[in-house]
Amino acid sequence: MPKHTIMSFHTILYCSARRDTAAGSSREEHTDAPTGAAVKYVDCFYAYGVFSIYGGRKYAEDFMYTERIGGLKSSAIREILKITSRPGVISFAGGLPAPELFPLEDIASAAQEVFAKYSASVLQYSVTEGLRTLREKISLMLEPDASLIGPSHVIITQGSQQGLDLLSKLFLEKGRSVFTENPSYLGALQAFQLFQADILPIASDRDGIQPESLRRALKVRRPALVYIMPNFQNPTGVSLSMERRLQLVDIVKEHDLLLVEDDPYGDLIFSGEKMPSLFTLGGTRNFIYMSSFSKTIAPGMRVAYLAGSEEIIGKLAVVKQGTDLQTNTLGQYLVNEYLESGRYYGHRNLLRETYKQRRDCMLSSMESYFPGSLSWNCPEGGMFLWVRLPEHCDAREILLKCLERNVAFVPGQEFFPDGSGKNTIRLNFSNALPDKIEEGIKRIGEVLKESNI
Ligand SMILES: Cc1ncc(COP(=O)(O)O)c(C=O)c1O
């Protein structure tokens with residue numbers, strides 16, 4: 001996508017927020033950032049424009065910021081979220097879990113327990129790899145055979161996003177490439193871009209990344225990393241089929257590649273058994289597995305993990321020392337205690353049931369209110385639905401009209417490294433209550449019909 005297009009879309013979003021403030025509503029008082037801050041952003045954009053015209057930008061890029069910062073842009077999702085946090089907006093935009101389901105009481109009692117059991121160590125510095133007892137539990141969750149995977153194969157990270165950052169620091173630089181699904185997770189693309197990697201999207205469909213396309217790409221280039229989300233991926237909700245898992249394992253081993261499997265949604269499966277990970281199928285030499293407690297406990301905990309060979313975990317620990325020394329000790333103790341209490345698994349079941357109901361509510365509302373020219377999928381887990389508008393439509397134009405009606409989503413194009421997907425939409429179904437889901441889908445349906453779609 002050309003840079004100026006991105007810029008103008010962001011600017012429109014900022015202006016949209018600014019209009020609210022100018023209208024003198026009292027909304028600003030209730031929000032964290034969106035309205036007042038947005039005005040400042042608009043002004044900054046203006047200043048930035050003037051600055052650029054007079055060559056200031058070149059000066060800044062040459063002498064102030066690193067070269068690699070030059071190509072970065074703020075995530076459009078973060079910008080949309082600034083607007084959608086105002087009261088009255090029904091948002092299907094963020095990848096947010098349901099806050100009313102956070103296990104507040106269980107975490108509060110876990111806090112009492114850990115202070116009683118471990119006293120000052122809960123607030124002390126700790127080892128970079130993470131609490132050993134937590135790593136032991138995670139390694140058993142990944143592979144019950146302790147002779148294959150143990151705590152030395154696991155590192156605790158400050159969210160999976162940090163895992164992506166650490167991997168980028170370890171494996172990426174200018175001239176190296178990453179193969180991703182098309183579309184892929186925006187946060188991962190941002191992390192890879194920061195280290196100036198070339199991102200090569202591999203064709204993907206309703207069964208995940210296409211092995212044949214991967215084989216073709218490998219004839220042209222050897223990537224430093226292959227990055228995929230095998231279960232209910234962000235943004236499409238698609239899962240990699242069992243057949244393709246086996247094919248991918250073969251390809252990766254045949255070419256001796258390193259594949260990163262990012263799996264924050266796999267435990268939010270609505271029915272049946274979770275498919276085996278590529279990591280367990282293929283082993284630690286060629287596979288890295290990542291997951292997070294952000295979606296199954298709470299994202300504010302910032303506790304996630306990454307598993308791989310002992311060699312890679314050791315190197316990541318050194319990189320992490322230079323990044324943040326360690327993941328927050330208290331958060332790790334809380335997660336560890338919550339796992340030990342056994343309540344985590346009941347909570348996970350509650351999330352699965354509730355999110356399934358919300359997915360069903362969104363699907364039936366779409367049946368009722370969306371025009372017949374649209375199509376969508378039915379993911380068996382996770383948090384997202386993927387909607388396709390007719391080819392000629394631009395989802396960003398629809399979003400701007402929807403924001404005027406206080407309903408939001410993320411235009412799918414944001415997730416495509418190759419800039420395609422203009423006519424696609426990501427809808428989050430986990431964060432809104434069913435009555436809001438129906439109302440929000442109805443509003444989007446009205447906009448679509450008024451736009452003759
Ligand atoms: C695929 C994927 N990976 C990683 C993350 C980052 O999660 P966290 O840093 O909260 O663990 C997200 C968040 O939405 C995600 O969707």
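Reader: What makes the crossing of α16 and α17 right-handed?

Author: In this predicted model, α16 passes α17 in a right-handed crossing. The term applies because the near helix is turned clockwise from the far one by less than a right angle.

Reader: Why is α16 called oblique to α17?

Author: The axes of α16 (residues 395-404) and α17 (residues 434-450) come within 10 Å and cross at roughly 125°. Roughly perpendicular ends at 115 degrees and roughly antiparallel begins over 145, so α16 counts as oblique to α17.

Reader: How do you know which residues of α16 and α17 meet?

Author: Contact requires C-beta atoms, placed from the backbone, within 7 Å. Ile-398, Lys-401 and Cys-402 in α16 meet Arg-443, Ile-444, Val-447 and Leu-448 in α17. By class, this contact has five nonpolar, no polar and two charged residues. Cys counts as nonpolar, and Lys and Arg as charged, so Cys-402 falls in the nonpolar group, while Lys-401 and Arg-443 are charged.

Reader: What makes up the shell around the ligand, by residue class?

Author: The ligand is surrounded by 14 residues, and the closest are Gly-159, Ser-160, Gln-161, Ser-292 and Ser-294. The shell divides into five nonpolar, eight polar and one charged.

Reader: How much of the chain is buried?

Author: Buried residues account for 43% of the 453 residues. Each has 20 or more other C-beta atoms within 10 Å of its own. The chain's secondary structure comes to 17 helices and 14 strands.

Methods
Residues are numbered from 1 along each chain as its sequence is written. This is a predicted model: local features need pLDDT of at least 70, side-chain atom pairs count only at pLDDT 80 or more; totals for chains, interfaces and linings use all residues. A residue is near a molecule or strand if its C-beta atom, placed from the backbone, lies within 6 Å of it. Axes are lines fitted to C-alpha atoms, for helices over the stretch in contact, and angles run from 0 to 180 degrees between N-to-C directions. Helices (H or I, at least four residues) and strands (E, at least two) are DSSP runs, numbered from the N terminus. Angles under 35 degrees count as roughly parallel, over 145 as roughly antiparallel, 65 to 115 as roughly perpendicular and the rest as oblique. Two residues are in contact if their C-beta atoms, placed from the backbone, lie within 7 Å. A residue is buried if 20 or more other C-beta atoms lie within 10 Å of its own, exposed if 12 or fewer, and partly exposed in between; C-beta atoms are placed from the backbone.
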